[in-house]
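Thanks, everyone. Please have the sequence and the model open side by side while I talk, and I will begin with a term we need before the tour.

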Amino acid sequence: MRIDLEARGTRSRTLEVAAPLIALAVAILIGGIVVALLGKSPAQAFHVYFIAPLSEVWSLQEVAVKAAPLVLIAIGLSFCFRANLWNIGAEGQFVMGGLAGGAIGVATHGMSPDAQTFWILPAMLAAGTLAGIAYAMIPALLRAKLGVSEILTSLMLVYLAERTLDYFARGPLRDPKGFNFPQSVMFDDVARLPFLMEGERLHVGVLFALIAVAIGVVVLGRTLFGFDVRLVGSAPKAARFAGFSDARLTYAAFAISGGAAGLAGICEVAGQIGQIQPIISPGYGFTAIIVAFLGRLQPIGILLAGLILSLSTIGGEGAQISMKLPLDMTRAFQGILLMCVLAADVFTRYRVRLSFGSRA
Amino acid sequence: MPEPQSPSAGAPLVSMRGIVKRFGAFTANAGIDLDIHAGEAHALLGENGAGKSTLVKILYGLLEPSEGQILFQGAPVRFANPEAARATGIGMVFQHFSLFDNLSVAENIALVLPRGESLRNLSQRIDDIAQRYGLRLDPERPVWTLSAGERQRIEIARCLMQDPKLIVLDEPTSVLTPQEAEALFATLDVLKREGRAILYISHRLEEVRRLCDRATVLRAGRVVGACDPRAETARSLAAMMVGTHVVEVRASAVEDVGPERLGLNHLSLPSPDLHGVTLHDLSLHVRAGEVFGIAGIAGNGQDELFAAISGERLAGASDAVRLDGTCVGRQGITARRQFGAAFVPEERNGHAAAPDFSLMENAILSRHATGGVAGRAFLDLAGARSLASDIIQRFDVRAGGPDAPARTLSGGNLQKFLVGREISRSPSVLVLNQPTWGVDASAAAAIRQLLIDLSRAGSAVLVISQDLDELFEISDRIAVIHDGFLSEPRDTRSTTREEIGLLMGGASMADVTHAH
């Protein structure tokens with residue numbers, strides 16, 4: 001018996017939309033089986049993961065706050081992935097953004113009260129974005145100039161970024177009065193992202209994510225640059241025939257994804273955390289890869305996918321507490337989800353045919 | 001063994017009965033009956049999309065018929081895959097070769113032998129077959145050093161190793177010089193004399209008349225006629241295929257040849273990769289009002305030349321490429337378009353067009369820098385839509401409107417769209433690579449007429465083609481590209497196919513002139 005994949009002549013629109021939903025359902029099913037094997041109730045787990053976080057205002061806000069960096073990074077990544085550029089290093093670009101912006105927050109700590117402070121937060125955001133761009137330029141340059149695989153370089157640079165942050169948190173940026181804890185001072189209020197509403201958890205970073213989605217829609221669908229990105233991914237030779245430069249696109253797509261990741265990084269540091277710590281990301285840069293693909297590399301899809309992944313992360317925290325399910329369960333589920341999405345993609349493009357003919 | 005002269009006597013070797021093949025709502029074969037007798041060369045004729053390939057794929061076990069039956073020597077057979085078809089005695093030589101470039105001839109042949117067959121004496125067996133059928137082959141040569149004709153001989157030898165009773169050939173001469181084609185015909189004559197049947201698919205009606213004893217004509221998935229091609233003319237065969245009279249392309253004599261619009265000036269360019277071709281010191285001048293043809297066998301530098309003229313690869317020197325007197329050798333394709341040039345590459349899906357993009361988006365692809373479909377940053381979607389609609393209407397493109405993805409169009413219709421996309425700009429220079437490759441007869445005639453009309457309106461048209469008939473039909477002058485060298489151009493009216501054929505095979509201009 002042999003399994004053949006036959007390309008489908010016409011792809012159904014319904015199927016293309018339904019595929020990620022079916023993938024989500026299958027992933028939940030597999031996750032349920034795993035939970036059952038762990039001796040827990042799948043029904044209860046489903047409730048804790050996907051229903052409970054939606055039932056209270058504070059946890060809804062938490063879902064939005066956690067979804068914001070995922071969506072922001074994934075929108076940036078979608079430019080790379082659509083152009084067949086495999087930037088796996090958003091995590092590193094996120095960390096560098098958080099570090100560079102955060103350094104300004106540390107440096108301006110305790111400035112004299114009559115000094116001008118309005119520039120501090122914008123400078124932090126700009127520094128974070130630029131650091132993300134600069135860090136993403138390393139794999140872009142290596143690829144465009146020397147043909148080095150960006151998959152390897154961008155991934156390896158993640159570990160370099162994490163070590164760098166760790167060094168600064170324990171060394172130059174450590175709070176001298178912090179009892180030797182490896183962390184910086186808490187930023188002044190002027191160096192913190194303002195909240196959207198007094199006393200709530202939603203900060204301005206959530207707005208950035210929504211703006212990124214809107215920009216993504218316009219740029220991909222309406223601009224010559226977005227046309228170039230889509231064309232390179234779909235038919236690279238046709239993109240050269242159209243007169244678009246490979247190298248220029250590589251730099252631009254990496255700059256966009258690096259900048260978005262860097263901005264997300266400084267938003268996390270200046271928003272949620274408020275200081276430099278040795279670890280500032282629970283793996284947003286990697287989870288955003290799943291978000292990008294689950295959202296079919298479409299801005300609106302990415303927004304929904306970011307919310308779903310964030311929901312499962314918040315739910316996972318609840319499951320740790322109420323069901324004693326390990327954190328690894330959440331990670332495993334997100335991995336299963338990515339595999340299901342990729343598999344669903346294959347099935348929408350190809351028809352599986354079993355042939356039983358024996359070889360002559 | 002039946003006499004080749006009366007091949008239809010006796011029971012058929014292969015009989016296809018009531019073959020139906022549907023792909024979703026589309027019926028590619030709508031009840032086809034076909035009998036092939038031992039010892040005959042049977043032509044299968046039809047335009048692109050008539051259902052020839054589908055029928056042959058069913059015969060070779062690559063597709064399963066929706067309905068109908070295949071009889072082999074009177075007994076019903078079902079082929080689950082090509083291995084089963086080969087084991088029964090049906091061999092096939094494809095239009096596109098499936099060879100490993102870095103392996104030797106013998107290794108490529110060994111790859112398709114049935115499992116468990118000994119590789120000892122393989123060279124001896126290859127030599128035997130080569131001797132018997134006049135297939136000159138060196139078993140030790142790596143494939144990438146071979147010409148298309150030699151590669152085809154490997155495919156034929158591979159096929160013959162399994163001693164087939166029926167051999168299917170799909171467009172076998174499309175990549176051959178006239179001389180190589182003659183050698184192929186000699187081989188096929190031997191096969192016929194041995195009592196093997198040949199099913200021959202070709203667009204080239206003169207060849208069919210030269211080689212085949214019978215012809216079956218398909219149109220829109222049905223058999224519309226059977227004839228003895230030797231008793232027909234190429235025009236009557238074409239009329240049978242198309243169902244109407246084929247409009248003959250009308251080339252008015254060139255009255256005024258104007259100044260040079262496209263010039264190449266000692267263009268040299270190293271090969272872009274291991275198996276590419278280096279261009280050596282090419283010069284040519286295409287003038288306003290003329291169609292200039294470049295003949296050559298596939299893989300002799302046509303793609304490299306096209307990329308150098310279009311600007312997809314930049315030349316070393318700025319004056320190596322001139323458009324209307326401006327040196328553009330160091331400028332990219334967008335700048336060259338802005339100077340008035342337009343280009344139609346060979347590969348429709350993936351180079352000239354993005355298959356998954358709509359026709360509207362494909363209109364943007366080559367027109368974004370010359371106005372009407374995009375500004376500096378933003379697309380003008382309304383402009384692109386109306387441009388695509390205009391092209392569809394003006395050039396008679398059968399498509400589901402400007403939103404239809406390019407891949408849903410037939411080869412001929414997509415090519416009409418792509419040629420129309422460039423011509424509707426009224427370019428001063430139009431460069432095309434294989435403009436009617438795999439395009440049905442009526443679309444090909446329409447495209448050729450467009451090229452002539454464009455040139456007569458004052459543009460310079462450069463056509464790179466492997467189809468000599470096409471070049472003789474439309475060009476005013478012809479040059480030959482061989483191994484990256486370009487011959488002196490010849491006036492079409494004062495040269496012959498034989499002369500061009502010799503140049504295509506690598507003879508020098510001196511040899512050719514000497515032979516006269």
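This is a predicted model: local features need pLDDT of at least 70, side-chain atom pairs count only at pLDDT 80 or more; totals for chains, interfaces and linings use all residues.

When I say cavity, I mean a set of points on a 1 Å grid over the protein atoms alone where a 1.4 Å probe fits but cannot get out, its lining residues being those with an atom within 4 Å of a point.

Residues are numbered from 1 along each chain as its sequence is written, chains are lettered from A in the order in which they are written, and side-chain values use heavy atoms, with hydrogens and water left out.

Which residues line the largest cavity? The lining consists of A:Val65, A:Ala68, A:Pro69, A:Leu72, A:His203, A:Gly205, A:Ala264, A:Cys267 and A:Glu268. Helix α3(A) gives the largest share, four residues, and α3 (57-82) and α10 (246-273) of chain A each supply at least two; helices here are DSSP runs of H or I of at least four residues, and strands are runs of E of at least two, numbered from the N terminus.

Let me turn to the interface. Here 35 residues of chain B are in contact with 24 residues of chain A, contact meaning heavy atoms within 4.5 Å. The two chains bury about 2400 Å² between them, 59% of it on carbon and sulfur atoms, where buried area is the accessible area (1.4 Å probe) lost on being put together, summed over both parts. On the chain B side, B:Glu83, B:Phe357 and B:Leu379 lose the most area to chain A, together 21% of what that side buries.

The rule finds two salt bridges across this interface, a salt bridge being a side-chain nitrogen of Lys or Arg within 4 Å of a carboxyl oxygen of Asp or Glu. One of them joins A:Lys237 to B:Glu347, with the closest N and O atoms 2.7 Å apart.

Over all chains the structure holds 36 salt bridges, including one between B:Glu194 and B:Arg132, at 3.1 Å from N to O. That pair links distant parts of the chain, 62 residues apart, with B:Glu194 in the loop between α6 (178-193) and β8 (197-201) and B:Arg132 in helix α4 (residues 122-133) of chain B.

Finally, look at A:Ile88, in the loop between α3 and α4 (90-107) of chain A. Leaving aside residues up to four places away in sequence, A:Ile88 touches A:Ile151, A:Ser154, A:Leu155, A:Val158, A:Phe286 and A:Ile289. A:Ile88 and A:Leu157 are 69 residues apart in sequence, yet 9.5 Å apart in space, C-alpha to C-alpha.

How values were computed: On a 1 Å grid over the protein atoms alone, a cavity is a set of points where a 1.4 Å probe fits but cannot get out, and a pocket is an open set with protein on both sides within 12 Å along at least five of seven lines; lining residues have an atom within 4 Å of a point.
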